[in-house]
Amino acid sequence: MNLTLTTEWQALQLHKSRLEHQHLRDFFAADPERFNHFSLELEDLLVDYSKQRLDSAALDALVALAKSTDVAGWRDRMFAGEKINFSEDRAVLHTALRHTAFTPFPNADEDVMPQVRAVRQRMRDIVERVRSGLWRGFKGDAIQTVVNIGIGGSDLGPKLATRALSAVQHPGLKFYFVSNLDSAHLAPLLEKLDPRTTLFIVASKTFTTQETSLNAHTARTWLMAAAMEEWAIAKHFIAVTSSPGKAHEFGIPEANILQIWDWVGGRYSLWSAVGLSVALAIGMHGFERLLEGAETMDKHFCNTPLEKNMPVLLALISIWNTNFLGAETTAVLPYNESMRHLPAFLQQLEMESNGKTVSRDGEPLTCRANPIVWGEIGVNGQHAFFQLLHQGGWLIPCDFVVAASSDYPLPGHQAPLLANCLAQSAALAFGKTEAQARSELSAAGLNEASITKLLPHKVFAGNQPSTTILMPSLDPFQLGMLLALYEHKVFVQGVIWGINSFDQWGVELGKQLANRLLPTLKGDLSHDAQLDASTSGLIAYFRRHGNC
């Protein structure tokens, strides 16, 4: 199906032509109750999309597009356990990981919950032993430091959640995350750690991912230099993998291996044993509250009509901005310092899932799919790139994310933080007209010559669309809802664009090429003739100057 030729798409083109010259000031002037009409709340999670450049008629047309592409049907197929990741012949069942009722999931005939609950129980046992001090290192010391070794979803998800919930973290444990092949990531960390009190979590589905494998073996060598005995591995290493045999070869015993399944994609794996570091930080009860928050969003996604469905509306708004208004990027702007890693997490979730130009049936897409996702802590961005957002002339939709209550309360800090967040979304939306700027300069006592000189620099076009997502506090339940909200948003976008959101063949290409180049970098000249001129020249440079 050529999506752009459908009746629903053509109707949206007409709405785009009708609205493209309207300013957000006009939308709010026409509807004093716009906030009430264009916001939703679920268990105190508030999504305000009133500063998006659309009206009710355009939104209705977007919902019609979702219906015509069978978003509800694909959603039901995913929750039913069908193999909608057809290119890898896999079901997509990360939602089973946060299914908390003692009922079958996805159904009685294909119930995955016994194995999910078994892994949860093993997580609980490990968490209780480590947090209570019963888990002892090779010299009999309690664990004080946890190092998660992984990459992609095995790093970004647990790192985001552990940092986001650090205010309720176990006071006697420190957490670190290692992902980069560059030894500058791991070496300085090992220099300050004590092998007697350090626990490593090696998170890798295949247990062969190059970055994770190399870092894990380096950590193993570091530990063995201190412990001198193989049995010490069992005291200091846990594996989260779908390849237990390879974890055994590494030296990790069965009791320390937690399973993950092929129906869990890496960027959706936080809810599995990949989240062990999160559970160690906030306790198993806290981790289960994270799951409950995500499950609450799952139920909302499954049971709420599309026109009032948070993930569906966020997906439709993004499609409107990308395919009809022409936005090429989206900025994610968390204002809570603890949410620093949210932009990186969403970069993988969105761009790895939907950064594609080929549809499910192998045909080229007839429209552009996912925008570029980027972002930074909002208050930092205000003193960096917000100048471009305000006056750079680019259309850049923004997601503002903030909690109403501080997780680290200090007197006098929270109100200015919230004021800055709300002020920036309002300023981007409404800008400042020439008349307003002139009036302000005149009130400041400037003469006409000075006003004329400064006036062009004091005008702000505004009309930058944004969504503001508010939480009452940054707690496990609210964080679970927030992350599941974005997960389902990405899924809905993929359905509408006709994309399989659950494979990532582009990631595999780079890995294959790197494996072929590695021997050449180390001095094997037999493949030199097969290299392109640029790669050959760059390798020659590394041979001269590097220490491979």
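Author: The chain has an accessible surface of about 23,700 Å², and carbon and sulfur atoms hold 54% of that; areas come from the Shrake-Rupley method with a 1.4 Å probe, and for residues only the protein chains shown count as cover. This is a predicted model, in which local features need pLDDT of at least 70 and side-chain atom pairs count only at pLDDT 80 or more, while totals for chains, interfaces and linings use all residues. Residues are numbered from 1 along each chain as its sequence is written, and side-chain values use heavy atoms, with hydrogens and water left out.

For the chain as a whole, the C-alpha trace spans about 80 × 60 × 60 Å along its principal axes. Of the 548 residues, 52% are buried, that is, under 20% relative accessible area with a 1.4 Å probe and protein chains only; exposed is over 50%, and partly exposed lies in between. Among contacts with a separation of 6 or more, 73% join residues 24 or more positions apart, a contact being heavy atoms within 4.5 Å.

The secondary structure comprises 22 helices and 11 strands. These are DSSP runs numbered from the N terminus, helices (H or I) having at least four residues and strands (E) at least two.

E10 is mostly covered, with 6 of its 6 residues buried. Cys398, Phe400 and Val402 point one way from E10, and Asp399, Val401 and Ala403 point the other way.

Strand E8 (residues 329–334) runs parallel to E10 and is joined to it by 4 bridges. Strand E11 (residues 466–471) also runs parallel to E10, with 6 bridges between them. Asp399 takes part in both pairings: Val332 stands opposite it, and in E11 its bridge partner is Thr467.

Technical notes: Pairing = 2+ DSSP bridges.
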